[in-house]
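Here is a short report on one protein structure. Keep the sequence and the view at hand while reading.

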Amino acid sequence: MQGRNEVPDTLDAQMIRDAQPLFTHREKMQLQYSVRNTHRAVGTRLSAEITRRFGMSALADGHVHIRLRGSAGQSLGAFLCKGITLEVFGDANDYVGKGLSGGRLIVYPPKAATKIIPDESIIVGNTVLYGAISGECYFSGVAGERFAVRNSGAIAVVEGTGDHGCEYMTGGIVVVLGKTGRNFAAGMSGGIAYVLDEDDSFTKR
């Protein structure tokens with residue numbers, strides 16, 4: 001019988017090794033790494049290990065603060081639990097914060113990127129915060145399509161969104177400091193969305 005294919009180690013495996021003082025003595029920690037788009041679901045395994053040891057909400061906000069520089073791959077911070085902050089100096093791919101469960105996500109361009117205009121430049125990809133239940137997200141830039149779909153409790157601030165923002169949202173708060181795409185809030189049955197509508201174009205969407 002042929003064995004299973006080996007799965008290469010991930011950035012989360014390194015995080016778990018570096019976070020041993022957290023697991024042994026519950027120490028607060030700040031960690032820093034480079035990230036690239038082949039690193040997927042960054043923070044998810046660490047979150048699972050924290051949940052296994054301490055539960056989903058035992059740690060205070062920011063107990064573990066992880067700074068990442070570069071371009072994160074898909075599903076950054078998926079199912080991230082309370083107590084973890086992921087701060088990205090760069091950008092991130094699709095599915096950021098999928099199923100967010102109490103953690104905090106911050107994504108903004110590096111200071112050296114002087115030509116990036118936050119309310120015009122994409123900073124996170126499509127389907128961000130899909131099915132999020134709690135936590136916070138702050139994005140200094142525009143999100144792609146289907147932002148905060150099925151969000152039921154997370155708080156998010158973003159500079160703009162593509163089509164279908166807040167679709168089927170049932171709870172939480174979303175603040176859009178810029179333009180949205182078409183079909184905003186389709187099927188939305190709960191929560192609050194604040195949209196800065198400086199050119200009076202929002203009602204057409």
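The report covers a helix pair, aromatic rings, charges over rings and a few single residues.

## The model

This is a predicted model. Every value below is computed from it.

## Two packed helices

Two packed helices are described by the angle between their axes and the distance between the axes. Helix H1 covers residues 11-18, and helix H3 covers residues 44-54. They pack at an angle of about 40°. Their axes lie 8 Å apart. That angle makes H1 oblique to H3.

Which residues make the contact? On H1 they are Asp12, Ala13, Met15 and Ile16. On H3 they are Thr44, Arg45, Leu46 and Glu49. By class, the contact of H1 with H3 has 4 nonpolar, 1 polar and 3 charged residues.

## Ser47 in helix H3

Helix H3 also holds Ser47. Is Ser47 buried or exposed? Its relative accessible area is 2%, under the 20% limit, so Ser47 is buried. Neighbours within four places in sequence aside, Ser47 is in contact with Phe79, Leu80, Cys81 and Ile84.

## Aromatic pairs

How many aromatic pairs does a search of the whole structure find? The search finds 4. One of them joins Phe23 and Phe54. Their ring centres are 6.5 Å apart and their planes meet at 10°, so this pair is stacked. The pair links distant parts of the chain. Phe23 sits in helix H2 (residues 20-25) and Phe54 in helix H3, 31 residues apart. Phe23 has 9% relative accessibility and therefore counts as buried.

## Charges over rings

The charged end of Arg69 sits over the ring of Phe89. It is 4.3 Å from the centre of that ring. Lys98 lies over the face of Tyr95, 5.4 Å from the ring centre.

Ala41 is not a glycine, yet its phi is positive, at about 55°. Where is Ala41 placed? Ala41 is in the loop between strand S1 (29-35) and H3. Its relative accessibility is 26%, so Ala41 counts as partly exposed.

Ala148 also has a positive phi, near 60°. Ala148 is found in the loop between strand S6 (134-143) and strand S7 (152-160). With a relative accessible area of 0%, Ala148 is buried.

Technical notes:
Residues numbered from 1 in each chain as written. Predicted model: local features only at pLDDT ≥ 70, side-chain atom pairs only at ≥ 80, totals over all residues. Heavy atoms only, no water. Axes fitted to C-alpha atoms, helices over the stretch in contact; angles between N-to-C directions. Helix = DSSP H or I, 4+ residues; strand = E, 2+ residues; numbered from the N terminus. Parallel < 35°, antiparallel > 145°, perpendicular 65-115°, else oblique. Contact = heavy atoms within 4.5 Å. Nonpolar A, V, L, I, M, F, W, Y, C, P; charged D, E, K, R; others polar. Phe/Tyr/Trp six-rings, centres within 6.5 Å; stacked < 30°, edge-to-face > 60°. Buried < 20%, exposed > 50% of the residue type's maximum accessible area, 1.4 Å probe, protein only. Lys NZ or Arg CZ within 6 Å of the ring centre and 35° of its normal.
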